[in-house]
Amino acid sequence: MKITIQFGGGVHLLFGNIKLHEIDLPDREKHWTIGDLLLWMTDNLLQERPELFLQDKSVRPGILVIVNDTDWELLGCADYVIQPKDTIGFISTLHGG
Amino acid sequence: MSLNRELETLKQEIAELKEKLNKKEQLLHALYKKQEGICTYNNILSTDEIVRYSRQMIMPDITVTGQETLKNSKVLIVGIGGLGCPAALYLASAGIGEITIIDYDAVELSNLHRQVLHSENDIGTPKVDSAFKKLERLNGNIKIIPIIDHVNSTTINRLLKATKYDVIIDGSDNVATRYLLNDACVLNNIPLVSGSALQMEGQLTVYHYKDGPCYRCIFPIPPPPQTVTNCGDGGVLGPVTGVIGVLQALETIKILIHSPFVLSKRFLIFDGIASTFQNIKLKQRNIKCEVCGDAPTITSLIDYEQFCGSSAHDKVTDINIVKPEQEIEILCFNKLRDDTLVVDVRPELEFKMCCLPKTLNYSYTKIMDNIGDFIKFLDVNTTQLSKNVLVLCRRGNDSQKVVKIVQSHLINHNINLYNVKGGLHAFSKQVDTTFPCY
Ligand SMILES: [Zn+2]
């Protein structure tokens with residue numbers, strides 16, 4: 001299943017400095033939730049310091065998860081079932097001015 | 001020396017002229033005010049005000065009623081830096097009746113690329129003073145209230161007790177202040193126009209507006225301090241803070257004139273590289289939110305530095321983690337540096353910007369990625385004569401970490417690492433002021 005992963009607010013630094021990843025999730029019987037995707041990303045995309053991305057099996061505080069321009073909290077958080085061509089964003093909040 | 005004297009004389013003369021100019025401008029102001037009065041053709045706005053704001057008033061989105069509302073509005077701008085400057089500039093121009101600006105910092109040379117209200121001759125003076133002067137000159141019809149003070153629970157409580165603000169603008173630069181302003185806005189029922197920027201990205205939203213969420217609804221737990229980057233370390237481009245600050249002014253005006261399309265329950269992400277704006281749909285107010293929920297547990301302002309585990313400013317707090325015998329003073333460093341290996345552990349981009357001659361660059365991040373490789377580098381670059389290595393960075397903090405961590409891996413290598421105390425900042429202050437203290 002082809003999906004797009006997008007990083008913002010500096011999260012890309014943990015993923016080889018690349019902001020946009022076109023990925024192909026392996027086909028399987030069971031559907032893919034974002035919870036599954038987080039684990040897949042940790043094994044396949046994450047390059048360094050996992051504690052700066054994940055905490056207690058979810059994203060660390062201060063990262064917004066966005067599914068096609070919508071906060072994942074409106075869609076069931078980690079239980080959201082990923083659809084083909086979804087764009088899933090991980091955006092760290094900024095604090096500078 | 002004569003150049004220095006000439007500089008001093010000029011500075012003195014300019015200061016005197018400025019004082020003179022100030023007095024004349026105040027006189028002119030007073031005369032204008034006397035002459036102005038209320039226009040016989042409108043009950044609230046003066047003749048000048050009608051002409052001045054006509055281009056925005058004749059729009060159906062603003063109208064004369066909207067302009068009158070702006071004139072009667074009070075806005076608090078927290079932080080008069082990269083975001084606060086453009087926001088204040090546009091709000092003052094638009095005729096917001098009363099603008100209070102609060103900030104404790106003084107103007108620095110490294111602020112000027114983005115903090116557009118301050119100029120070269122303001123360096124060293126309070127940001128609030130310099131902004132006040134510019135804004136007052138820009139629009140004499142409105143009231144600007146400058147406050148030089150730290151932003152903390154006490155000062156914010158005092159301000160909000162004395163004045164009923166219609167909107168608060170968050171132009172701060174740290175996590176603790178962001179939570180503080182959020183809670184203060186919820187507890188006093190004031191909309192919060194929140195903006196932030198770093199490098200080429202900006203973010204914008206309005207918190208606690210009607211049934212929209214507050215900052216805590218979206219981010220109940222503060223981010224781990226090590227994931228937060230400030231503008232001094234990460235960098236930021238002026239037009240990026242400019243875009244966000246100007247949009248903060250726009251959202252403020254929209255709130256004041258009761259626009260139905262305020263950026264609440266939405267989160268705007270500006271990517272200056274791709275030139276895109278992404279509009280994220282956020283959730284409603286969280287009824288279990290600790291401050292704006294139905295049964296709030298936070299009912300007065302708390303200690304936000306403690307809550308966030310970080311300070312309420314974006315300055316770097318110096319550390320002290322190496323033993324005195326593993327450090328050398330900057331003057332001593334200056335004598336030794338020609339004959340000793342000096343490793344500058346700043347990021348490569350900073351090293352390329354300015355560096356001491358004959359120093360080698362090996363960044364802190366690269367060292368921590370692979371300490372073994374760094375030790376090989378030290379083996380290659382130290383000589384039989386000297387196994388001493390002087391570790392240097394911007395302020396002397398990362399260099400301490402390197403000395404502490406790497407020295408423990410060097411037991412069989414006969415290499416001694418020394419931290420250069422105070423780093424390049426100390427070098428610039430005590431050895432050569434022409435080295436950029438950035
Ligand atoms: Zn809330």
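β6(B) gives the most to the lining of the largest cavity, with four residues. The model is predicted.

**Exercise 1. Describe the largest cavity and its lining.**

Step 1. Search the whole structure. One cavity of 30 Å³ or more turns up.

Step 2. Take its volume. The largest cavity has about 80 Å³.

Step 3. List the lining. It holds 14 residues, and those closest to the cavity centre are Leu94(A), Ser194(B), Ser196(B), Gln203(B) and Tyr207(B).

Step 4. Assign strands. In chain B, β5 (192-198) and β6 (201-207) each supply at least two lining residues.

Step 5. Six lining residues are nonpolar, seven are polar and one is charged.

**Exercise 2. Which residues coordinate the zinc ion, and what makes the arrangement tetrahedral?**

Step 1. Find the donors. They are the SG atoms of Cys214(B), Cys217(B), Cys289(B) and Cys292(B), at 2.2 to 2.3 Å.

Step 2. Check the angles. Four donors count as tetrahedral if all angles lie between 85 and 135 degrees. Around the zinc ion the four donor atoms subtend 92 to 119°, so the arrangement is tetrahedral. For reference, the ideal angle for four tetrahedral donors is 109.5 degrees.

Step 3. Read the spacing. Along the chain the donors follow C-x2-C-x71-C-x2-C.

Step 4. Cys217(B) sits in helix α9 (residues 215-218) of chain B, and Cys289(B) in the loop between β8 (276-281) and α12 (304-308) of that chain, so the pair ties together parts that are 72 residues apart in sequence.

Step 5. Buried means under 20% relative accessible area. Cys217(B) has 1%, so Cys217(B) is buried. Cys289(B) has 4%, so Cys289(B) is buried too.

**Exercise 3. Is Thr155(B) buried or exposed, and what does Thr155(B) contact?**

Step 1. Locate the residue. Thr155(B) lies in helix α7 (residues 153-162) of chain B.

Step 2. Apply the cut-off. The relative accessibility is 5%, so Thr155(B) counts as buried.

Step 3. Leave aside neighbours within four places in sequence. Thr155(B) is then in contact with Asp149(B) and His150(B).

**Exercise 4. Which residues of α1(A) are buried, and which strands do they pack against?**

Step 1. Go through helix α1 (residues 34-44) of chain A. Ile34(A), Gly35(A), Asp36(A), Leu37(A), Leu38(A), Trp40(A) and Met41(A) are buried.

Step 2. Find their partners. The buried residues of α1(A) pack against β1 (2-8), β2 (20-24), β3 (54-55), β4 (58-59), β5 (63-67) and β7 (87-92) of chain A.

How values were computed
Residues numbered from 1 in each chain as written. Chains lettered and ligands numbered in written order. Predicted model: local features only at pLDDT ≥ 70, side-chain atom pairs only at ≥ 80, totals over all residues. Heavy atoms only, no water. 1 Å grid on protein atoms, 1.4 Å probe; cavity = no way out; pocket = protein on both sides within 12 Å on 5 of 7 lines; lining within 4 Å. Points joined across faces, edges and corners; volume = space filled by probe spheres on them. Nonpolar A, V, L, I, M, F, W, Y, C, P; charged D, E, K, R; others polar. Donors = N, O, S within 2.8 Å, 3.2 Å for Na, K, Ca; no water. Tetrahedral: all angles 85-135°; square planar, octahedral: opposite > 155°, others 65-115°. Buried < 20%, exposed > 50% of the residue type's maximum accessible area, 1.4 Å probe, protein only. Contact = heavy atoms within 4.5 Å.
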